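Please walk through this structure with the text below, one region at a time.

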Amino acid sequence: MNALRQFYLEIPVVTRAYTTVCVLTTLAVHLDLVSPLQLYFNPTLIVRKFQIWRLATTFLYFGTIGISFFFNMVFTYRYCRMLEDGSFRGRSSDFVMMFIFGGVLMTFFGIFVNLLFLGQAFTLMLVYVWSRRNPLVPMNFFGVLNFQAPYLPWVLLCCSMILGNTVWVDVIGMGVGHIYYVLEDVYPTLSNGYRLIKTPYFLKRLFNEHIERNFQAAAEDRPGGFPWGGEGQPLLPEEIAADGQDEEPANPAAPVAAAPQ
């Protein structure tokens with residue numbers, strides 16, 4: 001039990017919270033504590049009956065306990081954790097912002113395709129973003145098919161088609177994942193690009209990732225060294241620049257080390 005508890009606590013906070021709530025929601029349905037009819041996405045009930053919780057529960061229920069639920073949970077946990085441990089390491093607030101962004105878009109698209117539960121689409125979004133950020137990772141599908149990571153969402157889409165499942169769930173997940181990838185990883189790298197998805201300051205405060213605005217670096221860590229003769233006051237940037245221009249090497253005859261090739 002101690003080993004299991006330690007393993008659970010080592011899971012990154014966002015992944016741990018999301019997967020735990022998903023499992024607890026499914027268990028609550030399995031134990032007849034709640035009904036799926038109270039959880040599915042219904043815009044009419046949300047607007048007219050103010051059943052706001054449906055905006056969240058539609059992403060938390062993955063169906064009755066069985067092999068399908070097990071595979072969905074494994075995929076969700078695996079790729080959620082790899083994202084949080086990888087490209088979102090130390091940026092849990094940005095990861096939560098990705099959850100919010102994806103959830104809002106999926107809810108909007110779900111209105112037009114009449115989907116009741118969007119948890120699988122959310123998993124596909126996580127898989128898509130991870131696959132685009134790790135394009136060189138080799139993948140293997142049940143020991144039969146070898147391919148690179150960017151093709152993984154398409155392989156899962158083909159599997160859904162073969163099994164006769166609705167493909168709209170996968171299409172929405174991949175589409176939202178692609179939109180997030182373009183806005184976060186592609187557009188900011190363009191000449192006039194910038195980040196369109198901004199993480200609110202309160203989320204950074206929540207995860208203790210905010211920047212201390214009143215922080216002052218130690219004197220030995222400032223450019224230009226100690227403010228000799230400055231009576232303990234830090235040097236201004238122009239003073240540092242002037243000081244650097246006026247400096248002469250201690251031994252002009254000493255050879256200058258060549259830069260590494």
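The cover over the buried residues of α8 includes α5 (67-85), α7 (119-133), β1 (138-141), β2 (145-148) and α9 (168-186). Contact here means heavy atoms within 4.5 Å. Helices (H or I, at least four residues) and strands (E, at least two) are DSSP runs, numbered from the N terminus. Helix α8 itself takes in residues 152-162, and its buried residues are L152, P153, V155, L156, L157 and S160. Buried means under 20% relative accessible area, exposed over 50%, and partly exposed in between, with a 1.4 Å probe and protein chains only. An α-helix has 3.6 residues a turn, so residues three or four places apart point the same way. After α8 comes G164, with a positive phi near 85 degrees.

The model is predicted: local features need pLDDT of at least 70, side-chain atom pairs count only at pLDDT 80 or more, and totals for chains, interfaces and linings use all residues. Residues are numbered from 1 along each chain as its sequence is written, and side-chain values use heavy atoms, with hydrogens and water left out.

For the protein as a whole, there are 11 helices and two strands. Read from the N terminus, the elements follow the order α-α-α-α-α-α-α-β-β-α-α-α-α. The protein has 261 residues, of which 34% count as buried. Among contacts with a separation of 6 or more, 61% are between residues 24 or more positions apart. The accessible surface is about 16900 Å², and carbon and sulfur atoms make up 64% of that. Accessible areas come from the Shrake-Rupley method with a 1.4 Å probe; for residues, only the protein chains shown count as cover.

An unreviewed UniProt entry lists residues 7-31, 51-77, 98-131 and 151-171 under "transmembrane region". UniProt positions are given in the numbering used here, feature names are shortened, and annotations may be inferred rather than shown by experiment. In the model, the span 7-31 is 88% helix and 0% strand, with its end C-alpha atoms 26 Å apart. The span 151-171 is 71% helix and 0% strand, and its end C-alpha atoms lie 14 Å apart.

How many disulfides does a search of the whole structure find? The search finds zero, where a disulfide is a pair of cysteine sulfur atoms within 2.5 Å. C22 is in no disulfide, and the nearest cysteine sulfur, that of C80, is 9.0 Å away. C22 counts as buried because its relative accessibility is 0%. C80 is likewise in no disulfide, with the sulfur of C22 as the nearest cysteine sulfur at 9.0 Å. With a relative accessible area of 0%, C80 is buried too.

On the surface, V23, L24, L27, L31, L33 and I65 form a nonpolar patch with about 560 Å² of accessible area together. Patches are made of residues with over 30% relative accessible area and no salt bridge: like charges are joined within 9 Å, nonpolar side chains (Val, Leu, Ile, Met, Phe, Trp, Tyr) within 5 Å. A salt bridge is a side-chain nitrogen of Lys or Arg within 4 Å of a carboxyl oxygen of Asp or Glu. L31, one of the patch residues, sits in the loop between α2 (13-30) and α3 (43-48). Its relative accessibility is 56%, so L31 counts as exposed.

Two asparagines remain. Most residues other than glycine have a negative phi. N114 has a positive phi, near 55 degrees, and lies in the loop between α6 (92-113) and α7. N114 is exposed, at 63% relative accessible area. N208 also has a positive phi, of about 55 degrees, and is found in the loop between α10 (201-206) and α11 (237-246). N208 counts as exposed because its relative accessibility is 61%.
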